[in-house]
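Please look over the model below. The report that goes with it is brief.

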Amino acid sequence: VCFITSSFKEYIDENVSCNKGNIIDINTKKIIGKHNGLTKYTIGQRRGLDIGGTTDRMFVVGKNIEENVLYVALGNDNDYLKSDSCIIENVNLNINDKPTNCTAKFRYRGLEYPVTLEYLNDNKIKVIYDNVKAITPGQTCVLYQGNQCIGGGTIKTVCKHDEKIWYIL
């Protein structure tokens, strides 16, 4: 029997070697702090950045693994946080018809957003929405019709104006 007694953060601290690096404001391109290892941060994260000097909230918007840089954006409505479509893969639909309009959740306790679906080949769907914040590859997109969950998939790619948004280089 295995009992987990530490948090994910403690597990990473104990089991993953991390190199410190620069935190850069994506808008100004200025170094505003140091991070404790890129593996400790997720896209959309706003807590635990340990950066002072501003009253605006800061959010992780990207990582450059090769240069060991963490990119952040200031403000809840920063354009770098928003996207308007994503591609989901490994789709599992539990209905026979393929609706083109429904709602989607991108976080467990998150809001439902109206979406339009475009069915692609290879068990993928393009999910189109209106400027939703911090949609991240690897998250799950769950689709609903009313109160019924009709399926979902894993977010593979996030786009804005039909161009892939970089999150991790």
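## Basis

This is a predicted model: local features need pLDDT of at least 70, side-chain atom pairs count only at pLDDT 80 or more, and totals for chains, interfaces and linings use all residues. Numbering starts from 1 along each chain as its sequence is written, and side-chain values use heavy atoms, with hydrogens and water left out.

## Positive patch

Arg46, Arg47, Arg57, Arg107 and Lys133 form a positive surface patch. Patch residues have over 30% relative accessible area and no salt bridge; like charges are joined within 9 Å.

Arg46 sits in the loop between β2 (31–35) and β3 (58–64). Its relative accessibility is 31%, so Arg46 counts as partly exposed. The classes are buried (under 20% relative accessible area), exposed (over 50%) and partly exposed in between, with a 1.4 Å probe and protein chains only.

## Ile88

Strand β5 (residues 82–93) holds Ile88. Strands are DSSP runs of E, at least two residues, numbered from the N terminus. Ile88 is buried, at a relative accessible area of 0%.

Its contacts, not counting residues up to four places away in sequence, include Ile125, Val127, Cys141, Leu143 and Ile155. Contact means heavy atoms within 4.5 Å. Asn27 is 61 residues from Ile88 in sequence and 29 Å away in space, C-alpha to C-alpha.

## Lys82

Lys82 also belongs to strand β5. Lys82 is buried yet has no salt bridge. A salt bridge needs a side-chain nitrogen of Lys or Arg within 4 Å of a carboxyl oxygen of Asp or Glu. The nearest side chain of opposite charge is Asp77, 4.0 Å away. Lys82 touches Asp77, and its other contacts include Asn131, Val132 and Lys133.

Terms used: Patch = residues over 30% accessible without salt bridge, like charges linked within 9 Å, V, L, I, M, F, W, Y side chains within 5 Å. Areas by Shrake-Rupley, 256 points an atom, 1.4 Å probe, with all protein chains shown as cover. Lys, Arg positive; Asp, Glu negative; His and termini not counted. Charge placed at Lys NZ, Arg CZ, Asp CG, Glu CD. Helix = DSSP H or I, 4+ residues; strand = E, 2+ residues; numbered from the N terminus.
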